[in-house]
There are 2 protein chains.
Amino acid sequence: AAMAAFHFESLEKCLENHLPAEQLSEVRRLLYGAETRRLEIPKGTVEVASERKFELQGYGFEAASEELRQPRVVRVGLIQNTIVLPTDAPVAEQVSKEPGIVEAVIFIRTGFIAGDHLLRCLPGESAMPFAFCTREKLPWTEFAESAEDGPTTKFCQELAKKHNMVVVSPILERDDVHGGVLWNTAVVVSNSGRVLGKTRKNHIPRVGDFNEATYYVEGNSGHRVFQTQFGKIAINICYGRHHPLNWLLYGLNGAEIIFNPSATVGQLSETLYPIDNWAAMSLSSETIMIMKVNNEHFKNEFTSGDGKKVKAHHDFGYFYGSSYIAAPDGSRTPGLSRTQEGLLVAEMNLNLCRQVSDQWGFKMTGRYKMYAEELAKAVRDDFKPNIIKE
Amino acid sequence: AAMAAFHFESLEKCLENHLPAEQLSEVRRLLYGAETRRLEIPKGTVEVASERKFELQGYGFEAASEELRQPRVVRVGLIQNTIVLPTDAPVAEQVSKEPGIVEAVIFIRTGFIAGDHLLRCLPGESAMPFAFCTREKLPWTEFAESAEDGPTTKFCQELAKKHNMVVVSPILERDDVHGGVLWNTAVVVSNSGRVLGKTRKNHIPRVGDFNEATYYVEGNSGHRVFQTQFGKIAINICYGRHHPLNWLLYGLNGAEIIFNPSATVGQLSETLYPIDNWAAMSLSSETIMIMKVNNEHFKNEFTSGDGKKVKAHHDFGYFYGSSYIAAPDGSRTPGLSRTQEGLLVAEMNLNLCRQVSDQWGFKMTGRYKMYAEELAKAVRDDFKPNIIKE
């Protein structure tokens, strides 16, 4: 969707600006669940963020204290970014620029999140334009790089080691071991600086201008969970968020924190984005929803197959930001802005995952054996849907 | 949750009362998707509803016209009701009263929905108090009745035939064929007046005061879809809405309209309720979310296991209404009130289901074979979670 003609910073800001205090509080309860604690942000840090024109928000999710387990408190940061250079700048220049906000995040880290464990994640394919709408191979496939030792991975390794943080880095992967094919991949770098592994996008869209199936195919890495020093994490890349089984299998493999790095546009999915906290709740996992922000303009015209834009055009649509973090109890932070880059940090006690799992018991009431059998039948050639007729 | 101390009719009313027009329109786009058309309600009907103190809302979902298929337009009505008599009234009196609103619905039918196909559904176990918090067997199990020829079914049969509508009727079932056991069941009555069949609740909660597992066990009816004259329907009862696979299997068996009759309380799930339109979208089905409304007071004290209420008490919590209908494209109607009984009618062209399915393609990108295999492994004794360590 194009942005609203009037200024609309975000749903949250709109509600804050217009609702009386007690009504706002009730609306927030309905939309976001239990009130999240605000993290204190040092004043100097706020000023830096403001100068660099990005939003800075921090929230804390609470868990009950237990007698036998110590709290496992980690901080997770998500970065909502836009590309740095125009899409028609020379590729060599574009790839040499990490999004500007990364620099800022590192700069402010000492003030805001020093001494804490940080898991960082960028939106889907964040370091390059989301060029899959164009159906052009060059120059876009030049952005593809090795997951193990490409320049983005190397950059993240330095970052991770220096700042003692785990980094999740979504890239367009060139897999030279298997004939130089392309994948949509997230690389996980340990806080030791080592590449812990990679995971690939399981579900590839063929909807609207998302011509991704022209560039790469369904991932072959299953539902890996990465045991980091700060918790067990998994990455459900982009379109996978619309596939409940994708979330579920990451959950059944033990993920405590699931990242969803995405790039998608307003007209297509904006109504669906704020409600993905259902997944956090169904899995008793923290979910981290990270969306790209702003427009990307392409030099060559392209057409849309969905008939919505009759004339050839140069832009894909508006990446609507609004990134947020949801807790296993279904509560969530407000979203970042629809218009600005930003950093959202949540402090979370991972003990909450097991507490919520015990409270709701979904993994016990889930009847997975029955579903394994029903699904196995449903995909057979001779499947007969269970339909009752008069 | 107790109701707010100040007057809070619903999220929708609150936003309407406080937001300027263009902000309201943008907020509604974010929360509800594509604007739904308002159905015209005859003036006399509005007055009747107002006298009887129930809310009356009607919306239309649009589908594109096709060249080879005629539109398949049906109207679906959901009834958000409260019990009629106090919970300690004699059982014989309680069971002889269908919720008062049913009578009103029939009365106004000629004015509002005459000549249209109507599928009607009440909230979970609507004709009786939601007494499973008490852990008492008598008198509550006296409300159980035969799905095939119990009084509620007979009542619905008359209703269905007289008004040419399909009726979905959630009851507490007494299954005398199998030793008189209890089930949580929904009966589907065809517009011919015949019982088309029944379907049972697949997932039984053990959370908070939902002591339902004390009364009945997991359903054994799988994921039946009922082919009615007005479309293929299924019923995902209550707690099943938190189990993504339950929705999915109804979808894979071909359901075009899925009813979710529920009774649950504010503190536990109210934040999660408004977001179940994710399911409609994932399945390309219409979903009909029906919630009970108001408080129910029990004569005998009971205690809660979750430590939230330290003293024994007489009420379960507040049934928060807010029933709504979601379309396969993820758009949804505003919710009914949190405080009043109501009737919500949606006119829908069922062609939208296949159109959205073709647009998003989830059943093609869903990789169900892989998931059948992964799920089958995940439930084995010797399952090893897929965890990558440094």
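The mean pLDDT of chain A is 86, and 90% of its residues reach 70 or more. Where pLDDT is low, the predicted coordinates should not be read in detail. The secondary structure of chain A comprises 12 helices and 18 strands, and of its 390 residues 64% count as buried. When contacts in chain A between residues at least 6 apart in sequence are considered, 71% of them join residues at least 24 apart.

Chain B is superposed on chain A by a rotation of 180° with 0.0 Å of shift along the axis, the RMSD being 0.0 Å. The two copies are thus related as by a two-fold rotation axis. Of the interface residues of chain B, 100% are also interface residues in chain A, so the copies meet through the same surface.

Helix α12 of chain B (residues 368-378) illustrates how elements of both chains come together. Its buried residues are Y368(B), M370(B), Y371(B), A372(B), E374(B), L375(B) and A378(B). The cover over the buried residues of α12(B) includes α7 (244-252) and α12 (368-378) from chain A, together with α7 (244-252) and α11 (362-365) from chain B. The largest nonpolar core has 172 residues, and those with the most contacts inside it are L245, M348 and L375 of chain A and L245, M348 and L375 of chain B. L245(A), one of these residues, touches L375(A) in its own chain and L245(B), L248(B), Y368(B), Y371(B) and L375(B) in the other, when residues up to four places away in sequence are not counted. A second, separate core of 22 residues includes F6(A), L11(A), L24(A) and Y32(A).

Over all chains, 28 aromatic pairs are counted. In one of them, the ring centres of W140(A) and F298(A) are 5.5 Å apart and the ring planes stand at 90°, so the pair is edge-to-face. This pair links distant parts of the chain, since W140(A) lies in the loop between β4 (118-121) and α6 (151-163) of chain A while F298(A) belongs to strand β13 (residues 297-302), 158 residues apart. Both W140(A) and F298(A) are buried. In chain B, the rings of F130(B) and F132(B) have their centres 4.9 Å apart and their planes at 85°, so that this pair is likewise edge-to-face, and both of these residues are buried. In chain A, F130(A) and F132(A) belong to one aromatic cluster together with F210(A), Y215(A), Y216(A), F316(A) and F319(A).

Charged side chains are also placed over aromatic rings in chain B. K137(B) lies over the face of Y215(B), at 5.4 Å from the ring centre. The charged end of R332(B) sits over the ring of Y324(B), 3.7 Å from the centre of that ring.

In chain B, a cis peptide bond joins L138(B) and P139(B), with omega about 5°, and P139(B) lies in the loop between β4 (118-121) and α6 (151-163) of that chain.

R367(A), although not a glycine, has a positive phi of about 55°. R367(A) is located in the loop between α11 (362-365) and α12 of chain A and is partly exposed, with a relative accessible area of 23%. In chain B, N164(B) has a positive phi of about 50° and is not a glycine either; N164(B) is placed in the loop between α6 and β5 (165-175) and, with a relative accessible area of 36%, is partly exposed. L85(B), in the loop between β3 (73-80) and α4 (91-95) of chain B, counts as partly exposed at 21% relative accessibility. The C-alpha atoms of L85(B) and V95(B) are 9.6 Å apart in space, the two residues being 10 residues apart in sequence.

Key. Residues numbered from 1 in each chain as written. Chains lettered and ligands numbered in written order. Predicted model: local features only at pLDDT ≥ 70, side-chain atom pairs only at ≥ 80, totals over all residues. Heavy atoms only, no water. Least-squares fit on C-alpha atoms with pLDDT ≥ 70 in both. Contact = heavy atoms within 4.5 Å. Phe/Tyr/Trp six-rings, centres within 6.5 Å; stacked < 30°, edge-to-face > 60°. Helix = DSSP H or I, 4+ residues; strand = E, 2+ residues; numbered from the N terminus. Buried < 20%, exposed > 50% of the residue type's maximum accessible area, 1.4 Å probe, protein only. Lys NZ or Arg CZ within 6 Å of the ring centre and 35° of its normal. pLDDT = per-residue confidence, 0-100. Core = buried A, V, L, I, M, F, W, Y, C linked by side-chain atoms within 4.5 Å.
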